[in-house]
There are 2 protein chains.
Amino acid sequence: MKATTIHAPFDVRLSDVPDPVIEKPTDAVVKIVAGCICGSDLWSYRGENKITPGSRIGHEYVGIVQEVGSEVRTVKPGDFVVTPFVASDGTCPNCKAGLQSVCQNIVGIGSKGADGGQGEYAKVPWADGTLVATPEVPDDALVPSLLTLSDVMGTGWHAARSARVKAGDTVVVVGDGAVGLCGVLAAARMGAERVVALSRHESRQKLAREFGATHIIAERGDEAKAAVLELTDGVGADAVLECVGTDQSFKTAFDVARPGATVGFVGVPHGVEVPIRTMFSRNVGLAGGVAPARQYLPELMADVLSGAINPGLVFDAELPLKAVAEGYQAMHERRSIKVLLRP
Amino acid sequence: MKATTIHAPFDVRLSDVPDPVIEKPTDAVVKIVAGCICGSDLWSYRGENKITPGSRIGHEYVGIVQEVGSEVRTVKPGDFVVTPFVASDGTCPNCKAGLQSVCQNIVGIGSKGADGGQGEYAKVPWADGTLVATPEVPDDALVPSLLTLSDVMGTGWHAARSARVKAGDTVVVVGDGAVGLCGVLAAARMGAERVVALSRHESRQKLAREFGATHIIAERGDEAKAAVLELTDGVGADAVLECVGTDQSFKTAFDVARPGATVGFVGVPHGVEVPIRTMFSRNVGLAGGVAPARQYLPELMADVLSGAINPGLVFDAELPLKAVAEGYQAMHERRSIKVLLRP
C-alpha cells in the first residue's frame, strides 16, 4: 500500500510500504477514508523534531474497519470509525479515569506499532479501547467534521474543559490555528457568553466568528492584554485557552486571566517558563496537556452527527493523498489552515 | 500600646507604638485576644526578606471589636472576630468571586494601613469585607482554633480546595509545617479516604495522624515518589497539596500526582521551575496561591464551633506577648510548630 514517509526536512513522500496485518487479537485494520496534516507534523517537516529517515508520519484519520482480531468486541468490519491520535487499552486506571492520552499501554498513531493516518490502510492496536464507530456509515459531507475528532476538535475541547469553561463565561482563546479555532467552537458550545479570539489573519478571524467568536483581538502582547481588560472592566477573562505553546503565548494567557481563572493549555510547550509567582499572587491555575480525544469522542460525535457543531470547516483545502507533499508546503507557508487528504 | 517590630535579622522587639484610631468610616479597632507567629514571618526574621527597621510584623490574630467607623454594618463593639491575613473590601469583582486575597483594594495585615497581629490592638480597614464575628464570645478553649482561621487553616483548606480533593480520594500532603498539617486536616474533613503526610519529624507525624493522616512517609525525593506509587498501585495520588514552596517540594508534588490530578499549591514559591512538560504529558494541573481565608471563614468557623475540627492543635507553645522574641527563636529552631501569643 501507499503511505506517507518523511526523509529529511521538507521531504515527505508517498511511499510503498507493507500492507498492515492483524498481529494481536486486539488489533484492527482500517481502510482510510480521509486523513489530514496536523500542525504538529510541521515540526518534523521543518526539521524542528528529529527525523528518522523513512519513518511514517500523520496521526489523524477516519476509515472503514476491514478486519479485526479475535478479541475485538466493539467494532466490526464495515464500521466507519474515528481513530484518536493515540491508541489506548481502555482498561488501565488512567483510561478508566478518562485520561486515555496517558494510557499505561499507549501507542502513538504513526509510531512503531500503529500505522500513520496519511496512507491507504492502518493497523490500530487496542481497537476496543481506541476506535469509536458511528451508528451507520455517515454521509460523505460529515467526513471532515468526524475527522477533526481524531485530534484538533478533541484538543480544542480539552483546552476548554481544562480551563473549566462554563455557561455565561467570557473566554479568551490564544492561538488561531486549527486547535485554537476548535477551542473557540468548544467554548461557544459550552455556553460561553463571550468568546474572544486572538487572531490577526483575516481568514482565521472569519472562521473564528463562524465558530462563535463574539470578539476578535488582532493585537498581541501588552496590547492584547489591555484590550481584554477593557472588555472585562479591568477584571480579566473567566477562562483562557492556550493553544500555541510558546513562552509569549503563555504569558499572554496568564496576563488576560482573571483571578481564580484557569488557563487550559494544549499547545505543546516549547521553551515555556511558567510565571509561578503571578499564578500564586493572582490565584490563576494551569491545567491541560495531551488531550484525551478518546474520552470526548462519543459526545463530540453525537454533536457532529446532529449538526450541532461543524468543526470540519477548519479544512480549507482538500488534496488527493498523492499530493501530500503539496499539502505540507501549503500548511508550512500558512496558505492553508488545515489540509484534508483523500486516499 | 505595645506591638511587635522588627529591626534586623533575628531582632524582633515589643515596642511602644501609637494607639490605633478609626481613620475611615470603614475601619474598626480590635483589642487583640491572641496573635501568633507565622512561618512566613520567619523569612523576615532570618533576613531572607528585606527588612524596614522598626516596621510591624505579624498578620494573624483574633480579638474583640472596640470601635467601628460610621459605615461598618456587620460587626459591632463587643463582637469576637477573626481577622484574615489580608483586609479586603468585600465589594470588588474579585471579592464577589470569593478571591478576597486578590481584592482590588487589598491591604495586608501588618503592612502600612493595618496594624499587625502581634500587639495589643489593631486597626482593621474594610471591616465589613474583612472581619467575621462568632455568634457569641467563644469559650477560651476555642481561641487557638479560631486563631488558625486567620491564616494557616484557611491556607491548608485552600490547598485542598485548589487540589480539588473529594470524598474517597487518596491525597498526598507535601510539607509538615502548620499549613501542611492544616492541609491534612482539610483533606480528611473533605472526605479523603487516604491522607498521606510527608513528614520526618516525630511530633509533626503525631499531629498529622491526629488530624486524619492515614499514612506517613518519612522519605523524600525519589524514595517518597516510590512509596506513594507503591501505595497507589503505580498510579499516583488523586490530589496533592504543596505546602512548602521550594523547587524540590514542587518536584515531589508533581512526581506523586496521578494523571488528571491537580497540585494545589499554597507555599510561596521560591526558585520554583514548574515542570511544564511533565504537566503536559501527564495532564497534571496546578492551582492555588494566596488563600482567600475570608472566603472560607464562615464555613470553617462553624466547623470549629461545632467541634468538627480542632486546628488549634498546631499551637504547641503559648507565650505572653512580651516573650515574642523567644517565640520567634523557638520557631526558627523548629522547636515549635507554631507559637501563640497572648497580649
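**Close-ups of a predicted two-chain model**

**Figure 1. Lys338(B) and its partner Glu60(B).** The side chain of Lys338(B) reaches the side chain of Glu60(B) in a polar contact of 3.1 Å. As with every view here, this one comes from a predicted model. To find the lysine, look in the loop of chain B that runs between helix 12 (324-332) and strand 18 (339-342). Lys338(B) has 1% relative accessibility, so this lysine counts as buried. Which residues surround it, once neighbours within four places in sequence are set aside? Lys338(B) is then in contact with Cys36(B), Ile37(B), Cys38(B), Glu60(B), Val152(B), Ala178(B), Val314(B), Phe315(B), Asp316(B), Ala317(B) and Met331(B).

**Figure 2. Where chain A meets chain B.** The contact draws 37 residues from chain A and 37 residues from chain B. About 2700 Å² is buried between the two chains, and carbon and sulfur atoms give 65% of that area. On the chain A side, Ile276(A), Phe280(A) and Asn283(A) lose the most area to chain B, and together they make up 24% of what that side buries. What about the polar side of things? Eleven residue pairs are in polar contact across the interface of chain A and chain B, both residues being at pLDDT 80 or more. Salt bridges across this interface come to zero by the rule.

**Figure 3. The pieces of chain A that touch chain B.** Four elements of chain A each supply at least two residues of the side that touches chain B: helix 2 (93-96), strand 15 (257-265), helix 10 (276-282) and strand 16 (285-288). Which of chain A's elements gives the largest share of that side? Helix 10 of chain A does, with six residues. Sorted by class, the side of chain A that touches chain B holds 20 nonpolar, 13 polar and four charged residues.

Figure 4. Zoom in on Cys95(A) and Cys103(A), and you will see two sulfurs 3.7 Å apart.

**Figure 5. Salt bridges within chain B.** Side chains of opposite charge can pair when their charged atoms come close. Asp11(B) pairs with Arg13(B), with 2.8 Å between the closest N and O atoms. Both partners count as partly exposed: Asp11(B) has 22% relative accessibility and Arg13(B) has 41%. Next up, Lys76(B) and Asp79(B) meet in a salt bridge at 3.1 Å, N to O. Here the lysine, Lys76(B), is exposed with a relative accessible area of 52%, whereas Asp79(B) is buried with 12%.

Figure 6. The side chains of Asp255(B) and Lys251(B) meet at 3.1 Å, N to O. How many residues lie between one partner and the other along the helix, counted as a spacing? Asp255(B) and Lys251(B) are four residues apart in helix 9 (residues 247-256) of chain B, which is about one turn of the helix. Asp255(B) is buried, with a relative accessible area of 16%, while Lys251(B) counts as partly exposed at 41%.

**Figure 7. A charged network in chain A.** Glu23(A), Asp27(A) and Lys123(A) are linked in a network of salt bridges.

**Figure 8. Ala97(B) and Pro25(B).** Ala97(B) sits in the loop of chain B between helix 2 (93-96) and strand 8 (107-108). With 44% relative accessibility, Ala97(B) counts as partly exposed. The C-alpha atoms of Ala97(B) and Pro25(B) are separated by 24 Å, and the two residues are 72 residues apart along the chain.

Key: Residues are numbered from 1 along each chain as its sequence is written. Chains are lettered from A and ligands numbered from 1 in the order in which they are written. This is a predicted model: local features need pLDDT of at least 70, side-chain atom pairs count only at pLDDT 80 or more; totals for chains, interfaces and linings use all residues. Side-chain values use heavy atoms; hydrogens and water are left out. Contact means heavy atoms within 4.5 Å. Buried area is the accessible area (1.4 Å probe) that two parts lose on being put together, summed over both. A salt bridge is a side-chain nitrogen of Lys or Arg within 4 Å of a carboxyl oxygen of Asp or Glu. A polar contact is a pair of N or O atoms within 3.5 Å; within protein, one must be able to donate a hydrogen and the other to accept it, and residues adjacent in sequence count only if both atoms are side-chain atoms. Ala, Val, Leu, Ile, Met, Phe, Trp, Tyr, Cys and Pro count as nonpolar, Asp, Glu, Lys and Arg as charged, and the others, Gly among them, as polar. A disulfide is a pair of cysteine sulfur atoms within 2.5 Å. Buried means under 20% relative accessible area, exposed over 50%, partly exposed in between (1.4 Å probe, protein chains only).
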